[in-house]
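Please walk me through this structure in the viewer, stop by stop. At each stop, tell me what to select and what is there.

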Amino acid sequence: MAKGPYSETVMDHFMNPRNMGEIEDANGVGEVGNPACGDVMKIFLKIDDNNIVEDVKFKTFGCGAAIASSSMATELMIGKSVEELLQLTNDAIVDALGGLPPAKIHCSVMAEEAIEDALRNFYKSKGKDDSIVDEMKAKITKEN
Amino acid sequence: MIYLDNVAGTKPDQRVIDKMIPYFTEHYGNPSAHFYPIGREAFEAMEAARVQVADFIGATADEIVFTSSGTESNNLAIKGFLKNSANKGKHIIISEIEHFSVDTVVTKLINDGYEITKLKVNKGGLVDPADLEKAIKDETVLVSIQYVNPEIGTIQYTEELGAICKAKGVTFHVDAVAAAGFVEIDVNKLKCDMLSIASQNFFGPKGAAALYIREGVKVSGLLDGGFQERGYRSGTENVPAIVGMGLAAEIAKAEMAEYVPKLEAMQKKLWDGLGGLFDFLHFTGHDTRRRPGHVSFWIEYIEGESLLMWLSLKGFACASGSACSSNILAEDEDDLVASPVLTAVGVPTDICAGSLGMSMSRYNTLEDIDKVLEVMPETVQKLCEMSTMYNQK
């Protein structure tokens, strides 16, 4: 097949999205929308008592790159700690996908933002202030 | 693969290709070289093609200028005409659903002091001739309105628009690129002064196109150089492609009556079939005034590029006006823009997203339509299940 605008990995995740769907008893749900593309991405997180991602699912209204980015993001998230999730950057998602066209990088940024939004809502659901996420991010930046 | 993107370009007719080959291999002379046989042969073949193209649109051969593309024809028509009309006025009228090669050209003219009126279209994509009549003023020098819109298939009231321009004494250009080979073109019925067509859109090769310039209308060439095309278009002509375009024009003229009814049958089958599949599918364009074999629509909850890619994986080549699929080679996401045509006919911008166009040619069959209708439900279902929007109904 002639090479299209997307890598083989992107096409694989587009055709066979991993972890697609919803988690009914999710304890952290993140949703972001991108006005440039009109895409909407939703991440459902189930985080266990040890702050480890037990399950994650996604739903996306968007293009091939948006679907593949969210699918790949969920694969990279399973089994990770909350701290590790905050270190999951869009660059890591792009690398894992074997690259994205420049105009589609924003799709991976959306995935990164959806993860952070889900984590904020995770802390809020536990009755905590989501500023804890900012503190964790500041700490990660300092350590790096 | 089932090819359903014939507004982007058609498969060339084999008879056309066969006729072109000797103009690469044997008659390869420069058509401006009249004093040896292979140059003269190239020239004569090109002039025969000019007659064929003229006959196709009801013009005479000396009213045809060969160019390289529909875009070049539109540029030559507008910029070349305005070089001679500046002292008559600086007002131009187009519609808001013109091709980029008209819209961009006139929008840039604002910098040169031109005033541009972009006529609104209704939900079906039609310009109201009464709106054109009202918009024309003393300073108006040029009206450029397409015959058929490639994205939504709408056929304008071009004859009526032409009559208004003629009565008011305003020069009328018609971009007929998406019409040629699918809708009959007669420059006298349309009462146009200039008209653009491109070979690749009616079963000819890429790289050949034409601008009809009515006798007496003054147009200046855009390229400086030699005397080719009587000065309208310097540069050695693409003889093989022009020869192919000539035959493609002759074939279209002779055979449209035979294949257009087949296109209409396929169109009806696809239209009725799709309409019965989902209550969240919405057709775009006009119900009856549309290019034969053209069906366009948008689907709620799903995005156009995803739909396009899934259909491609299943073996169907279609088109989308979604922002996401607009300019995949762009360096920046800001260059992704939803189709202005869909926005103009009232499709919400965020939903332009899910637009799709399918345009058949004489090479498609009713069986192709069966296959489309078979694959659409599962494809749409799959994307709906994935979509954040679907359950929020």
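**Before you start**

This is a predicted model: local features need pLDDT of at least 70, side-chain atom pairs count only at pLDDT 80 or more, and totals for chains, interfaces and linings use all residues. Residues are numbered from 1 along each chain as its sequence is written, while chains are lettered from A and ligands numbered from 1 in the order in which they are written. Helices (H or I, at least four residues) and strands (E, at least two) are DSSP runs, numbered from the N terminus.

**Stop 1: two crossing helices in chain A**

Select residues 8-15 and 64-77 of chain A. These are helices α1 and α2, packed at an angle of about 85° with their axes 8 Å apart. Axes are lines fitted to C-alpha atoms, for helices over the stretch in contact, and angles run from 0 to 180 degrees between N-to-C directions. α1(A) is therefore roughly perpendicular to α2(A); that label covers 65 to 115 degrees, with under 35 roughly parallel, over 145 roughly antiparallel and the rest oblique.

Now show side chains. From α1(A), A:Val10, A:His13 and A:Phe14 meet a set of α2(A) residues that includes A:Ile67, A:Ala68 and A:Met72. Contact here means C-beta atoms, placed from the backbone, within 7 Å. By class, this contact has six nonpolar, three polar and no charged residues. Ala, Val, Leu, Ile, Met, Phe, Trp, Tyr, Cys and Pro count as nonpolar, Asp, Glu, Lys and Arg as charged, and the others, Gly among them, as polar.

**Stop 2: a hairpin in chain A**

Select residues 39-47 and 53-61 of chain A. Strands β2(A) and β3(A) pair in the antiparallel sense over eight bridges; pairing requires at least two DSSP bridges between the strands. Find A:Lys46, whose bridge partner in β3(A) is A:Asp55. The two strands form a hairpin with five residues between them, and A:Asn51 in the turn has a positive phi of about 60°.

How many of the nine residues of β2(A) are buried? Eight are, and the strand is mostly covered. Buried means 20 or more other C-beta atoms within 10 Å of the residue's own, exposed means 12 or fewer, and partly exposed lies in between; C-beta atoms are placed from the backbone.

**Stop 3: helix α6 of chain A**

Select residues 131-143 of chain A. Helix α6(A) is hardly covered, with one buried residue among its 13.

**Stop 4: the seven-stranded sheet of chain B**

Switch to chain B. Seven strands form an open sheet in the order β2-β8-β7-β6-β5-β3-β4, with mixed pairing. The edge strands are β2 (64-67) and β4 (115-119), each pairing on one side only. From one strand to the next, the twist averages 20°.

Select residues 194-198 and 209-213. β7(B) and β8(B) pair in the antiparallel sense over five bridges. B:Leu195 has B:Tyr212 in β8(B) as its bridge partner.

**Stop 5: helix α4 of chain B**

Select residues 70-82. Eleven of the 13 residues of α4(B) are buried, so this helix is largely enclosed by the rest of the structure. Among the buried ones are B:Glu72, B:Asn74 and B:Phe81. The buried residues pack against β2, α5, β5, β6, β7 and β8 of chain B.

**Stop 6: B:Met46**

Find B:Met46 in helix α3 (residues 37-57) of chain B. Is B:Met46 buried or exposed? B:Met46 is buried, with 22 other C-beta atoms within 10 Å. The C-alpha atoms of B:Met46 and B:Val243 are separated by 5.9 Å, though the two are 197 residues apart along the chain.

**Stop 7: the three-stranded sheet of chain B**

Here three strands form an open, antiparallel sheet in the order β9-β10-β12. On average, neighbouring strands are turned by 30° against each other, direction ignored. Select B:Ser296 and its bridge partner in β12(B), B:Gly357.

**Stop 8: where the chains meet**

Show both chains. 24 residues of chain B are in contact with 21 residues of chain A. Helix α10 (residues 304-313) gives the most to chain B's side, with four residues. That side divides into eleven nonpolar, five polar and eight charged residues.

Methods. Two residues are in contact if their C-beta atoms, placed from the backbone, lie within 7 Å.
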